[in-house]
Amino acid sequence: MRNFNIIHKLKVAFQILTELRSRDFKSAANFMVYFYPSHNYLSRLLKFTLWSLNQIFNVIPKAMESTTFANNISPTSIWLADTNPIEDFPWKQNPAIQLPEEVEVAVIGAGFTGAGCAYHWSKLGKGKMAVIEMNQAASGASGRNEGVVVMGRYFSFVKTMMETNLIKTRPDLNTKQIEQLSSQFANKYVKSSYTNAKMIEKTIIEEGFDCDYSKNGWIQPYSEKDQQNLQNSITEGLDAGFDDWTRITPEDALSLSGIRISTDSGFSKGAATWQPAKWVWSLLETAIKSDNVDLFTNTKAESIVDTGEYYLINTNRGKIKSRHVINATESYTALLHPDFRDKLYPKQTQGFFAKDGPPNMKEKVAMGGTHGWFGKVPGTGGYIAGSDGKRVPHDKAGVIDPSRFITKFLVGHVHEYFGVAPSTVEREWTCTAGFTDDEFPIVGTIDNKRQYIIGGMCGSGSGVHFNASKNIVCKIADVKNTDYYPAQYFSPNRILDPNSHSWPELEI
Ligand SMILES: Cc1cc2nc3c(=O)[nH]c(=O)nc-3n(C[C@H](O)[C@H](O)[C@H](O)COP(=O)(O)OP(=O)(O)OC[C@H]3O[C@@H](n4cnc5c(N)ncnc54)[C@H](O)[C@@H]3O)c2cc1C
């Protein structure tokens, strides 16, 4: 038995080493910075090497004893495996259809954001909107993600992140002023996210959308040494009037999700799970039933030219003139707008789906671990897990390039929390989220005229897109609406030229 174990470990270790690719080394470099931020390079390298050796010779071989890989692993996410009711729209129904010559609004991209714009326009807009998608609706990050409806990031996290950014971009402010401005920003961001979550839930209920929405919260384990930080973050949020971010005991976490941990977890009460692609398809199906929204899938916007009176959108199927443009292209944006190179960039994350897996893992609750995320997928008898977040070149936006090492390490990670359980990996995919340097969204005009962007949602798009798209649609349609994304905080200029961004007055 002992010999078998050693041979098995060596076999698995050998296989892992032969499967490693250059992208795994990039992930490793990213991992080291993320997990050991306060260590110097040598100390990071040492810690990471020890962690890797334990993974390669211990954790992964153990996990692989009960894991098999299907013969043909699909690169399609579990969400996109469902039937897309608007596949190849409108060409499938009517191949002879022509693009419109002129519209009031052109939306580029049909993920969460483009679909949100289409839905709101169908209720509020006057004139035609054309939504142009180069692949299928939800084929970008929106159909390949974790499937969690987040409440945005919590107040304390936002405030701390913004403080770090403002130290660099606002050298004219003292420490107290930086804290005040960060607090103002966090206040705006979190308020908008709470409203966004309410809007999503209300829409799903009122429209009767079938997208597997369940609101049971999101559990994030915290180690013993981080318990005080967790409490501080909760208290800071509560003091600012935000009560979503709270804590639960190991017993509550176990009964809610099946996760086995020994310390309290952070808990976002209002977070939900859903089938994200179905949300996009439902929004678009509703929108295209109206007479003011058209959808054109498999249509790529190749350039957008400002002619003064209108924008000319050159696509692979012809030209469209439009009075307004909304860029809902997230991690792909810089390919269309070079000004966004290195300002709004793709970060790649990977997911996999395995049949079976831990029977004690409960469905319809969002969960993270120290090194990844996971969740049971309703109706499949299987689970998904994911990790990584490495920056990739702009032209790699949306590329599918999964790493077998990451999948194997994630299986071991899931076993840490739920116990060893046999499973068969059937799908492995990657996708890219759009990131800004300060890690917060931009919502507004990019030319001080009639061309807009909603992007930089940094892995939290479900927590931003629906409210943000209503914000922009209301501006274009000249409909009265609370400005949840005021330019002083969310203008694209904040990332395009941080030093010239016009921040609001301090409220003290
Ligand atoms: C692995 C992973 C897990 C995640 N998990 C979560 C989660 O659980 N919860 C959450 O809130 N967020 C999550 N995110 C982030 C979330 O998926 C994104 O924030 C969100 O999907 C962004 O939506 P979007 O519509 O703006 O972008 P996308 O969904 O990427 O849509 C952009 C669309 O634009 C199209 N497009 C691009 N260029 C052109 C062009 N020139 N012409 C025509 N069409 C074009 C693309 O084909 C694409 O369909 C995750 C991200 C990743 C990578």
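Is Asp-388 buried or exposed? Asp-388 is buried, because 24 other C-beta atoms lie within 10 Å. A residue counts as buried with 20 or more other C-beta atoms within 10 Å of its own, as exposed with 12 or fewer, and as partly exposed in between; C-beta atoms are placed from the backbone.

## About the model

This is a predicted model, in which local features need pLDDT of at least 70, side-chain atom pairs count only at pLDDT 80 or more, and totals for chains, interfaces and linings use all residues. Residues are numbered from 1 along each chain as its sequence is written.

## Overall build

The protein chain holds 14 helices and 19 strands. Its radius of gyration is 23 Å, close to the 23 Å that the globule rule gives for 508 residues, so the chain is as compact as a globular protein of that length. The radius is taken over C-alpha atoms, and the rule is 2.2 Å times the number of residues to the power 0.38. Helices (H or I, at least four residues) and strands (E, at least two) are DSSP runs, numbered from the N terminus.

The C-alpha trace spans about 75 × 60 × 40 Å along its principal axes. Buried residues make up 48% of the 508 residues. Take the contacts with a separation of 6 or more: 77% of them join residues 24 or more positions apart. A contact means C-beta atoms, placed from the backbone, within 7 Å.

## Domains and core

The domain assignment gives domain 1 (1-65) and domain 2 (102-147 + 276-342 + 438-494). Such bounds come from an automatic or database assignment. The two centres, taken over C-alpha atoms, are 41 Å apart.

The largest nonpolar core has 124 residues. Such a core is a set of buried Ala, Val, Leu, Ile, Met, Phe, Trp, Tyr and Cys residues joined through C-beta atoms within 7 Å. Helix 11 (residues 404-418) gives the most to this core, with 8 residues. Domain 1 and domain 2 each supply at least three. Ala-106 is among the residues with the most contacts inside the core. Beyond four places in sequence, Ala-106 touches Ala-130, Ile-132, Ile-313, Ile-320, Ser-322 and Val-325.

## Around the ligand

The ligand is surrounded by 41 residues, and the closest are Gly-109, Gly-111, Gly-140, Gly-461 and Ser-462. Helix 4 (112-124), strand 13 (344-356) and strand 17 (423-436) each give two or more residues to this shell.

The shell divides into 15 nonpolar, 22 polar and 4 charged residues. Ala, Val, Leu, Ile, Met, Phe, Trp, Tyr, Cys and Pro count as nonpolar, Asp, Glu, Lys and Arg as charged, and the others, Gly among them, as polar.

Asp-388 lies in strand 16 (residues 382-391). Its phi is near 90°, a positive value in a residue other than glycine. Asp-356 lies in strand 13. Phi of Asp-356 is also positive, near 70°. Asp-356 is partly exposed, because 16 other C-beta atoms lie within 10 Å.

Asp-244 sits in the loop between helix 7 (227-239) and strand 6 (245-248). Asp-244 is buried, with 23 other C-beta atoms within 10 Å. Its contacts beyond four places in sequence are Met-151, Tyr-194, Ser-268, Lys-269 and Gly-270.

The peptide bond from Phe-89 to Pro-90 is cis, with omega near 0°. Pro-90 is in the loop between strand 1 (67-74) and strand 2 (102-108).

Technical notes. A residue is near a molecule or strand if its C-beta atom, placed from the backbone, lies within 6 Å of it. Two residues are in contact if their C-beta atoms, placed from the backbone, lie within 7 Å.
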